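Student: I would like to learn how to read the features of a model like this one, taking each general idea before its case. Could we begin with how the elements are named?

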Amino acid sequence: MASLPKRKLPTASQAEILRSHQRDNDFVLTMSETITDLLHRYDLYRNFSRFIKSEVPAKMFYFIVTSGLGNQTLGEEYTGIVQANLHARKVPSLMTRVLAAILECFGEQMLLKLLEKLQITINKPNSDLTPQAKSFLNVFLNRTRTVIPILILAHRGLFYIYGRYYSIGRRLTKVDYVKVYGPRPHSSVSWGLRILGFATVAQCLFRLWQSRNMTEEIMTEAKEFESVSSSRCQLCLEKISDTTTPCGHLFCWSCLAEWLRARNRCPLCRESVAPSRIIPLMNL
């Protein structure tokens, strides 16, 4: 790919970019089906099934032999567009194109996996977090995992409206498209996509509002449950709290004594507590 001339760049329209990606996806699907047929023919499908169930490996291979080698994809050739950094007025470097492809193929999956692993770590029994911190982080992470797909859909709606940056990965790497040859689509197509974009953004706002209401309902139910169970031991959640620590937190005697034999800290606030300083409550 050569450097772009120093003149006003004719940016590609939404319809051209969408058509390009649709044609590329059709080719990737055909390539995946062909590979699957070959593996079945030579009884190798079971050995490679875990790699070909997803289209991601085929997409990455397709990227290597097209954009990765500095060539246009079949969809880009068909629509007459070329990848470009519109702000720097130049063709993106190989590393930038690689990063854009990785983010487009794996970005959402990697982020959701990271949040899932973080939530598992938070909820481990040996975690030093207090129950209140665990509750807050669980609500926050669950809400984040719910919102991420909505934000990705909202970004697609903004692409329909403005025609810039097909995916969040391409926005982060500033990889866009310019029109270099071929006929332009009719202007009514772009207006139709803009209307679709506004409808998509409105749908995302509605889904965010629904998500917020659901979270508030869950938090309200959790508070109601907490108020009902506040007299119960915070460790076993079964027995009545009849023992207090010097810092003022309540537990049942057996749970607190067993806890302090393993570690001399309050289960809630982590303040140092000697087993000899716990106090049984009377007249409960």
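Tutor: Helices (H or I, at least four residues) and strands (E, at least two) are DSSP runs, numbered from the N terminus. This is a predicted model, in which local features need pLDDT of at least 70 and side-chain atom pairs count only at pLDDT 80 or more, while totals for chains, interfaces and linings use all residues. Residues are numbered from 1 along each chain as its sequence is written, and side-chain values use heavy atoms, with hydrogens and water left out. With that naming, P92 lies in the loop between strand 1 and helix 5.

Student: Why does P92 count as buried?

Tutor: Buried means under 20% relative accessible area, exposed over 50%, and partly exposed in between (1.4 Å probe, protein chains only). P92 counts as buried because its relative accessibility is 6%. Contact means heavy atoms within 4.5 Å, and, leaving aside neighbours within four places in sequence, P92 is in contact with Q83, A84, N85, R97 and V175. P92 and D176 are 84 residues apart in sequence, yet their C-alpha atoms are 9.1 Å apart in space.

Student: Which way do the residues of strand 2 point?

Tutor: In a regular strand the side chains alternate between the two faces of the sheet. In strand 2 (residues 176-179), D176 and V178 point one way and Y177 and K179 the other, and all are buried. Two strands pair if DSSP finds at least two bridges between them; here four bridges join strand 1 (residues 81-84) to strand 2, and the two run antiparallel. V82 has V178 as its bridge partner in strand 2.

Student: How should I read the crossing of helix 5 and helix 6?

Tutor: Axes are lines fitted to C-alpha atoms, for helices over the stretch in contact, and angles run from 0 to 180 degrees between N-to-C directions. The axes of helix 5 (residues 94-122) and helix 6 (residues 131-162) come within 10 Å and cross at roughly 170°. Helix 5 is therefore roughly antiparallel to helix 6, since angles over 145 degrees count as such, under 35 as roughly parallel, 65 to 115 as roughly perpendicular and the rest as oblique. Residues making this contact include L111 and L115 of helix 5 and L141 and I148 of helix 6.

Student: Which residues of helix 3 are buried?

Tutor: In helix 3 (residues 56-65) the buried residues are V56, A58, M60, Y62 and F63, and they pack against helix 1 (14-41), helix 4 (74-79) and helix 5.
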